[in-house]
Amino acid sequence: MKKMTRQCLALLAMALLSLPMLAQQQFTLEDLNFGGTNYQKMIPANRTLTWWGDQLVRLGKDTCWTVDAVKGKEKVLFTRDRINKGAGLVDDQVRSLNYASFPYADKPIALLYNGNERLLVNFKTRKVMWRQSRVVGAVAEEWNNVSYANAYVKDDNLYVVDGNGNTRQVTSDGSRDMVYGQSVHRNEFGIEGGLFWNPQGNRLAFYRMDQSMVTDYPLVDVPELDDSTRVIAEPAPEKYPMAGQTSHLVWVGVLDVATGDTVYLKAGDPTDRYFSNISWNPAGDIVYMMEGNRDQNVVDLVAYDASTGNRIKSLYHEQHPKYVEPQHPITFLPWDKDKFILWSEKDGYNHLYIYDTAGKLVKQLTSGNWVVMDLLGFDTKRQAVIISANADNPIQQNLYRVDVATGEMARIDEGGRGWHGGRLSDSGAWLVDYYQEPDVPRNIAVVDTRNNRQYRYFTAPDPWQGYTVPEYRCGSIKAADGVTDLYYRIVLPTDFDENKKYPTVVYVYGGPHAHNVDARWHWGSRSWETYMAQRGYVLFILDNRGSENRGRDFEQATFRQLGQVEMQDQMCGVEFLRTLNYVDTARLGVHGWSFGGFMTISLMTNYPDVFKVGVAGGPVIDWKWYEVMYGERYMDTPQTNPEGYEKTSLIHKAADLKGRLQIIIGLNDPTVVPQHAYSFLKACIAAGTQPDFYVYPGQGHNMRGHQSVHLHERITRYFDDYLK
């Protein structure tokens with residue numbers, strides 16, 4: 001009896017010990033994928049914060065609170081209900097305060113929106129001070145908080161509404177061929193729009209693009225299943241200038257709002273030239289623009305008279321044997337209208353320089369073997385610049401104050417580890433520090449930029465508490481050159497056993513202006529990696545040479561031969577995996593999207609005995625079919641670099657495919673047009689090789705909404721079927 005009791009107690013103890021393990025939940029793609037039904041509950045909690053001058057404000061749907069920067073205490077500033085009732089808004093109520101902003105540091109005025117209008121509301125008196133109808137169907141829009149003027153593009157033409165509600169149609173010849181007020185040069189060179197107000201809001205610079213000479217790529221729009229008005233698919237052509245082909249022409253116009261007169265900057269013949277990074281001087285009468293040649297190895301900063309369009313002078317000239325890549329407009333110092341900050345990689349790393357309006361270099365403000373990532377603003381009292389950079393570690397982003405007079409640089413974020421992003425108050429006295437660390441989902445601190453004190457405002461709970469979470473590791477290996485450090489992330493199966501052998505998937509991107517590994521939560525891991533680790537896979541991710549934030553030489557190592565150096569570095573990663581006893585290198589897969597799709601097929605066909613299974617999404621197959629601006633920057637033209645285009649083309653590699661390869665595209669992809677995938681399929685048919693193919697009708701370069709869940713289930717199943 002006693003023996004039986006001891007046995008029962010032992011079994012009960014074992015059962016109790018196992019309860020936490022049994023309580024651990026398993027993830028689904030509905031939890032982990034951004035299109036999933038439970039995804040919003042699985043991402044770290046956040047707080048929406050903004051500044052009213054130097055007063056921190058938290059935004060909610062129904063309430064705005066002031067936040068004490070030191071103590072973190074919150075006090076109601078105003079509520080949506082009080083605003084609607086006090087302002088007499090009945091049928092035209094403000095429905096959310098989530099998008100409120102405070103355009104005037106010294107006035108109790110909030111910019112709010114109802115269904116039909118933008119409103120300036122005095123939240124102390126609860127009165128509407130000004131209102132303006134919002135434009136239905138606008139494809140581009142830019143409002144100025146000084147003049148209250150609003151510029152917008154509708155039905156292909158540009159319009160401006162002044163602060164008194166008077167509408168002026170600026171153009172009348174807008175069309176698919178003649179584009180106004182929108183991004184040009186296919187959003188390269190840091191271009192994110194086509195409307196640029198001067199500080200006073202009385203002049204508007206805007207893009208005009210003639211793309212009538214650009215070839216139409218024949219995309220097709222398939223009717224939605226519930227669309228009873230359409231029976232047959234319709235043409236949906238995309239203006240797409242491929243490498244080496246005729247490109248569009250661009251001009252920059254300047255509208256004087258008071259007179260309605262428009263002048264165009266006299267920049268000369270726009271043929272095979274790029275105009276980017278448009279900005280204004282503080283007085284609002286001079287326009288600055290970066291001008292580059294088609295070869296993208298020369299760039300000039302040029303000043304123009306806004307009233308006449310006449311060229312004043314070139315203030316800065318830069319050239320490089322490979323390419324020069326301007327990404328940021330100049331920024332004037334708030335305390336000196338004759339000096340501005342210019343970004344350049346001319347010393348090998350992205351740094352800030354101060355020039356005067358005569359074009360004379362005043363000083364290099366930042367320097368070192370690290371990269372400035374963002375210019376957050378200025379501390380006007382101390383005459384300092386607030387930046388984010390990776391000066392402490394190549395895979396971190398930290399926040400720094402740089403004294404303009406002395407160049408002294410001090411880190412001002414909380415903790416010093418991880419990946420920090422900031423939002424600066426109007427005077428620069430205060431900074432909100434949003435950050436993650438590998439084991440920190442999200443923290444928010446408020447920083448006094450003048451004494452470097454940090455005050456924790458918010459700590460997000462772990463949204464994955466109670467779930468079975470894999471282990472995430474980070475490290476570095478040497479690149480194929482034997483010198484350069486490359487950073488990797490490895491994700492281990494949730495039931496990891498050092499003595500077992502696991503199928504392993506290499507996730508790859510590898511292209512310019514992107515990276516995969518950094519010091520964010522879980523080392524920046526994509527949630528699909530967690531899903532795969534849960535299913536018994538090892539995931540390996542390596543940032544090869546050619547990716548971002550490591551300096552000019554690191555990024556330009558791939559020039560004129562995209563994919564070649566990248567593959568060499570990725571194979572160094574494979575050699576590292578061979579040293580890990582738990583990696584089954586006989587079951588090695590690879591997956592990537594876009595440039596990563598190109599890398600996936602490159603690795604599958606150049607190393608057919610290494611990679612057993614691959615899934616390539618939206619892959620570039622031959623760079624001569626990619627767009628002019630991006631393609632020619634990194635590869636030159638097919639006419640000037642025929643050997644490079646021949647070497648990097650995957651058409652000639654179709655016969656070398658041995659493993660299982662699935663290619664997935666969006667039927668309406670305007671970025672990597674379907675011709676890439678179709679041509680590779682034709683080459684495989686001719687060679688007798690057998691890739692699999694899947695297409696998402698109506699989708700572009702990436703799958704939107706819940707279709708992304710379907711996509712990642714499909715990717716997962718392919719590895720389960722052929723690699724596991």
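Colleague: What's the average pLDDT of the protein chain?

Modeller: This is a predicted model, and the protein chain averages a pLDDT of 96, with 97% of the residues scoring at least 70.

Colleague: Okay, salt bridges. How many does the structure hold?

Modeller: It holds 43. One of them joins the side chains of Arg489 and Glu529, at 2.8 Å from N to O. Arg489 sits in strand E38 (residues 485-491) and Glu529 in helix H5 (residues 527-534), so this pair ties together parts 40 residues apart in sequence.

Colleague: Are Arg489 and Glu529 buried or exposed?

Modeller: Both are buried. For another case, take Arg552 and Asp553, whose side chains meet in a salt bridge at 3.7 Å, N to O. Arg552 counts as buried because its relative accessible area is 15%, under the 20% cut-off. Asp553 counts as exposed because its 56% is over 50%.

Colleague: Which residues are linked in a network of salt bridges?

Modeller: Arg176, Asp177, Asp216 and Lys239 are linked that way.

Colleague: And helix H7, where do Glu575 and Arg578 lie relative to each other?

Modeller: They're three residues apart in helix H7, about one turn of the helix. Glu575 is partly exposed at 44% relative accessible area, and Arg578 is partly exposed at 40%.

Colleague: Where is Thr579 found?

Modeller: In the loop between helix H7 (564-578) and strand E41 (583-593). Thr579 is exposed, with 54% relative accessibility. Its side chain reaches the backbone oxygen of Phe576 at 2.5 Å.

Colleague: Switching to sheets: what order do the strands take in the open sheet of four?

Modeller: The order is E29-E30-E31-E32, with antiparallel pairing. Strand E29 (372-379) and strand E32 (409-411) are at the edges with a single partner strand each, so one side of each has no neighbour in the sheet. From one strand to the next, the twist averages 25°.

Colleague: How many bridges join E30 to E31?

Modeller: Six, between residues 384-389 of E30 and residues 398-403 of E31, running antiparallel. Ile386, for instance, has Arg401 in E31 as its bridge partner.

Conventions. Residues numbered from 1 in each chain as written. Predicted model: local features only at pLDDT ≥ 70, side-chain atom pairs only at ≥ 80, totals over all residues. Heavy atoms only, no water. Helix = DSSP H or I, 4+ residues; strand = E, 2+ residues; numbered from the N terminus. Buried < 20%, exposed > 50% of the residue type's maximum accessible area, 1.4 Å probe, protein only. Polar contact = N/O pair within 3.5 Å; in protein donor to acceptor, adjacent residues only side chain to side chain. Pairing = 2+ DSSP bridges. Axes fitted to C-alpha atoms, helices over the stretch in contact; angles between N-to-C directions. pLDDT = per-residue confidence, 0-100. Salt bridge = Lys/Arg side-chain N within 4 Å of Asp/Glu carboxyl O.
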